[in-house]
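User: I'd like to learn how to read the packing and the charge pairs in a model like this one. Can you walk me through it?

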Amino acid sequence: MSIPGLLVRFTVGYLLLLVVVALLLRLVGVRGNSGVNVSVLVGSVMGCCIWFADKNGRYFSESERPLVILGMTAVDVLMQLLLVFALAGPDAKQHAGALLGTVAFVGVLHLLTVWAIVVITGRKYAKRVAKGG
């Protein structure tokens, strides 16, 4: 699997999981699910990293890791921007600065989260390989 292939799979998987989880939460009457969204991000990142490693028989190289982290974060931030501006509706123009600032702040936090999950998953994969699994 290539890095672009990984990012396509991440995009599709992350989007589908966000939609499914949002629908399930709506069905049970839960509102304000930002913590759940971070969980979906973590699961999507981890799942795609493991998928890549299993498919290729190796984890990311030093040159691939930043591309993966920035690519996954870019997908996440783009989805946030689309959602935030869609939810803002006609007021989006009036509050564009605040909306962009909020997405930028959350984007930095998500960048750190994606980085940590990529690193942690790599360590777990290396231990699994060392054990012969």
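User: Which residues does V45 touch, not counting residues up to four places away in sequence?

Analyst: Contact means heavy atoms within 4.5 Å. By that rule, V45 touches F10, M72, V114, I117 and V118, with residues up to four places away in sequence left out. Bear in mind that this is a predicted model: local features need pLDDT of at least 70, side-chain atom pairs count only at pLDDT 80 or more, and totals for chains, interfaces and linings use all residues. Residues are numbered from 1 along each chain as its sequence is written, and side-chain values use heavy atoms, with hydrogens and water left out.

User: How many residues are in the largest nonpolar core, and which touch the most other members?

Analyst: A nonpolar core is a set of buried (under 20% relative accessible area, 1.4 Å probe, protein chains only) Ala, Val, Leu, Ile, Met, Phe, Trp, Tyr and Cys residues joined through side-chain atoms within 4.5 Å. Here the largest one has 26 residues, and F10, Y14, V45, F60, M72 and V118 touch the most other members.

User: What about charge pairs?

Analyst: Side chains of opposite charge can pair when their charged atoms come close. A salt bridge is a side-chain nitrogen of Lys or Arg within 4 Å of a carboxyl oxygen of Asp or Glu. This structure holds three. One of them joins R58 and E64, with the closest N and O atoms 2.7 Å apart. E64 is buried at 14% relative accessibility. Another pairs R65 with E62 at 3.4 Å between the closest N and O atoms.

Technical notes. Buried means under 20% relative accessible area, exposed over 50%, partly exposed in between (1.4 Å probe, protein chains only).
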